[in-house]
Amino acid sequence: MTTEQLSAWLAARLRAAQPLALLIGGPDGLSEACRARADQSWSLSPLTLPHGLVRVLLAEQIYRAMSLLAGHPYHRA
């Protein structure tokens, strides 16, 4: 998913006032029961990343997507 696509997806969720929960899997990922309940699943990388780094990557992408929604220019556009 690109930053622009993430921004559009977040905008749709905000318009619909749908609750949003983002889960970060452990070293073995998430359980099948947890994954079955998900509306969508993302993979940031096929690599195993430390939780602290994943939180930063996720926060950065949400910040960029929300910045686009707020009308700020995107440096890659």
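How many aromatic pairs does the structure hold? The structure, a predicted model, holds 1 aromatic pair. The sections below describe that pair, the fold, the helix contact and the pockets.

## The aromatic pair

The pair is formed by Trp9 and Trp42, whose ring centres lie 5.5 Å apart. Their planes stand at 70°, and planes over 60 degrees apart count as edge-to-face, so this pair is edge-to-face. Trp9 belongs to helix 1, while Trp42 sits in the loop between helix 2 and helix 3, so the pair ties together parts that are 33 residues apart in sequence.

## Overall fold

The protein chain has 3 helices and 0 strands. Read from the N terminus, its elements follow the order α-α-α. Along the principal axes, the C-alpha atoms of the chain fill a box of roughly 40 × 25 × 15 Å.

## Contact of helix 1 with helix 3

Two packed helices are described by the angle between their axes and the distance between the axes. Helix 1 covers residues 3-15 and helix 3 covers residues 51-69; their axes come within 8 Å and cross at roughly 75°. Angles of 65 to 115 degrees count as roughly perpendicular, and helix 1 and helix 3 are therefore roughly perpendicular to each other.

On the side of helix 1, the contact is made by Thr3, Glu4, Leu6, Ser7, Leu10, Ala11 and Leu14. These residues meet Gln61, Ile62, Arg64, Ala65, Met66, Leu68 and Leu69 of helix 3. By class, the residues of this contact comprise 9 nonpolar, 3 polar and 2 charged.

## The largest pocket

The largest pocket holds about 1,100 Å³ of space. Its lining consists of 33 residues, and those nearest the pocket centre are Leu23, Ile24, Gly25, Leu30 and Trp42. Helix 1, helix 2 (32-37) and helix 3 are the elements that give two or more residues to this lining. Of the lining residues, 19 are nonpolar, 9 polar and 5 charged.

## The second largest pocket

In the second largest pocket there is about 210 Å³ of space. The residues that line this pocket are Met1, Thr2, Thr3, Leu6, Trp42, Ser43, Leu44, Leu58 and Gln61. At least two residues of the lining come from helix 1, and at least two from helix 3. The lining has 5 nonpolar and 4 polar residues, with no charged residues.

Key: Residues numbered from 1 in each chain as written. Predicted model: local features only at pLDDT ≥ 70, side-chain atom pairs only at ≥ 80, totals over all residues. Heavy atoms only, no water. Axes fitted to C-alpha atoms, helices over the stretch in contact; angles between N-to-C directions. Helix = DSSP H or I, 4+ residues; strand = E, 2+ residues; numbered from the N terminus. Parallel < 35°, antiparallel > 145°, perpendicular 65-115°, else oblique. Contact = heavy atoms within 4.5 Å. Nonpolar A, V, L, I, M, F, W, Y, C, P; charged D, E, K, R; others polar. 1 Å grid on protein atoms, 1.4 Å probe; cavity = no way out; pocket = protein on both sides within 12 Å on 5 of 7 lines; lining within 4 Å. Points joined across faces, edges and corners; volume = space filled by probe spheres on them. Phe/Tyr/Trp six-rings, centres within 6.5 Å; stacked < 30°, edge-to-face > 60°.
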